[in-house]
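Subject: Structure for you to look through

Dear colleague,

I am passing on the structure below, and after it I have set out what was found. Please keep it open beside this message while you read.

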Number of protein chains: 2
Amino acid sequence: MDIAFALYPGMTALDLVGPYDVLANQPEVTAHFVAASPDPVRCDAGLVLVPTATFDELTTADVLVVPGSGRWAEALEDGAVTAWLRRAHPTATWTTSVCTGSTLLARAGILTGRPATTHWAVRDELAALGALVRTDRVVVDGSVITAAGVSAGIDMALTLVGLVWGDRRAEFTQLVLEYDPRPPYRAGSPETAPAEVVAFARDVLRPR
Amino acid sequence: MDIAFALYPGMTALDLVGPYDVLANQPEVTAHFVAASPDPVRCDAGLVLVPTATFDELTTADVLVVPGSGRWAEALEDGAVTAWLRRAHPTATWTTSVCTGSTLLARAGILTGRPATTHWAVRDELAALGALVRTDRVVVDGSVITAAGVSAGIDMALTLVGLVWGDRRAEFTQLVLEYDPRPPYRAGSPETAPAEVVAFARDVLRPR
């Protein structure tokens with residue numbers, strides 16, 4: 001099973017690495033890291049990742065994983081990921097996104113009229129791109145799976161492991177990753193975070 | 001604030017990228033990715049990361065973050081990370097590990113007689129290296145913070161953000177990462193996973 005992880009400048013590394021460490025350790029999987037060029041890709045907070053193929057070289061895979069970015073509007077404008085999605089999605093078994101990666105799926109026409117989730121701060125923007133926006137952490141709609149913000153990619157990928165290989169495999173994977181989360185604060189969603197924290201975050205995250 | 005993330009062959013990417021996306025987005029932070037040589041480093045499931053400095057070049061930082069690996073015994077044997085820790089730890093404000101990264105701290109003498117946690121499958125091995133092993137998800141002991149397996153690095157780093165910059169900052173960070181975990185299975189620890197899954201995982205993860 002070939003899994004293609006999209007890389008692009010300014011992406012959020014955890015959006016990719018959460019699903020990657022859930023999926024790429026499955027013995028049936030070959031992981032590919034696909035970018036516009038062979039050059040290393042700089043993530044938003046400085047980590048640099050090395051592609052294994054370009055969007056022109058790898059146009060088919062069983063699973064596509066598209067991470068998000070605080071600068072998702074720039075990635076939409078650039079068009080490289082959306083052009084690749086238009087080529088690779090029709091033959092993929094699963095097409096997935098994490099966080100604002102959903103906006104790239106939407107621009108590629110994949111979410112039109114579909115239920116989908118995204119980072120809580122860009123729900124309106126995803127709706128404007130044609131998706132039927134849900135507030136769930138993970139939305140499975142046929143062959144398309146979308147996840148909420150950043151860390152939700154782990155939950156999304158475990159869901160996918162269960163769908164592909166069954167519950168026991170997903171449980172094994174969760175145990176190996178010791179995914180028994182104990183957030184030291186109760187602020188992971190706009191519903192639970194203190195109001196002043198939500199207001200500040202909305203302002204910081206507003207597209208400019 | 002300079003934060004040095006250690007890179008080494010066979011490391012688990014999520015051990016590093018969880019803390020990285022929590023910490024490196026703080027406006028006061030400069031992130032460094034430090035390895036034995038300037039060459040890109042291949043993680044256990046194929047992702048390749050690019051260092052920004054070598055262990056010889058960067059020997060002081062405010063925070064050290066050491067990820068784990070299924071092949072932690074090879075990293076102990078190699079000695080590059082532990083030699084760097086012996087140089088960098090004495091002047092660091094915080095020294096941290098995720099997963100089996102704890103074994104590297106222990107071999108460097110940092111955990112001798114200290115309470116510490118690690119991946120559930122290597123508790124005995126960490127105790128043999130001199131640590132007072134706890135089963136907590138995150139253990140803070142003075143300037144040393146250790147985390148349980150892989151995904152626990154997110155909880156560890158949020159704890160550190162709270163210690164350094166206060167609760168409001170940590171809550172903001174949790175909200176931006178939408179860290180509102182909803183694991184689709186209940187198998188994140190040996191206490192909650194089905195017995196047959198735990199037995200299988202113990203066998204797979206046993207050091208060889």
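Across the interface of chain B and chain A in this predicted model, 40 residue pairs are found in polar contact, both partners being at pLDDT 80 or more. On the side of chain B that touches chain A, at least two residues each come from α1, β2, β4 (48-49), α6 (152-165), α7 (167-176) and α8 (195-205) of chain B. The element that gives the most to that side is α7(B), with 8 residues.

The same interface can be described in other ways. In terms of contacts, 66 residues of chain B meet 66 residues of chain A. The size of an interface is often given as the accessible area lost when the parts come together. Here chain B and chain A bury about 5500 Å² between them, and 66% of this lies on carbon and sulfur atoms. Of the area that chain B buries against chain A, 15% is supplied by B:Leu175, B:Glu178 and B:Tyr185, which is more than any other three residues supply. As for charged pairs, the rule finds 2 salt bridges across the interface of chain B and chain A. A salt bridge is also formed by the side chains of A:Arg168 and B:Glu196, at 3.2 Å from N to O.

It is worth looking at α7(B) on its own. After α7(B) comes B:Glu178, which has a positive phi, near 40°.

You will find A:Thr118 in the loop between β8 (115-116) and α5 (123-128) of chain A. Is A:Thr118 buried or exposed? Its relative accessible area is 1%, and because buried means under 20%, A:Thr118 counts as buried.

Next come the aromatic rings. A pair of aromatic rings is described by the distance of the centres and the angle of the planes. Over all chains, the search of the whole structure finds 10 aromatic pairs. One of the pairs is formed by B:Phe5 and B:Tyr20, which are edge-to-face, with 6.2 Å from centre to centre and 75° between the planes. This pair links distant parts of the chain, since B:Phe5 is in strand β1 (residues 2-6) and B:Tyr20 is in helix α1 (residues 13-23) of chain B, 15 residues apart. Both B:Phe5 and B:Tyr20 are buried. The rings of B:Phe5 and B:Phe33 have centres 5.5 Å apart and planes at 20°, so this pair is stacked. B:Phe33 is in strand β2 (residues 30-35) of chain B, 28 residues from B:Phe5, and B:Phe33 is buried as well. In chain A, one aromatic cluster is formed by A:Phe5, A:Tyr20 and A:Phe33.

Finally, an unreviewed UniProt entry lists residues 3-161 of chain A as "domain: DJ-1/PfpI". Over residues 3-161, chain A is 31% helix and 23% strand, and the end C-alpha atoms lie 12 Å apart.

With best wishes

Methods
Residues are numbered from 1 along each chain as its sequence is written. Chains are lettered from A and ligands numbered from 1 in the order in which they are written. This is a predicted model: local features need pLDDT of at least 70, side-chain atom pairs count only at pLDDT 80 or more; totals for chains, interfaces and linings use all residues. Side-chain values use heavy atoms; hydrogens and water are left out. Rings of Phe, Tyr and Trp (its six-membered ring) pair if their centres lie within 6.5 Å; planes under 30 degrees apart count as stacked, over 60 as edge-to-face and the rest as tilted. Helices (H or I, at least four residues) and strands (E, at least two) are DSSP runs, numbered from the N terminus. Buried means under 20% relative accessible area, exposed over 50%, partly exposed in between (1.4 Å probe, protein chains only). UniProt positions are given in the numbering used here, feature names are shortened, and annotations may be inferred rather than shown by experiment. Contact means heavy atoms within 4.5 Å. Buried area is the accessible area (1.4 Å probe) that two parts lose on being put together, summed over both. A salt bridge is a side-chain nitrogen of Lys or Arg within 4 Å of a carboxyl oxygen of Asp or Glu. A polar contact is a pair of N or O atoms within 3.5 Å; within protein, one must be able to donate a hydrogen and the other to accept it, and residues adjacent in sequence count only if both atoms are side-chain atoms.
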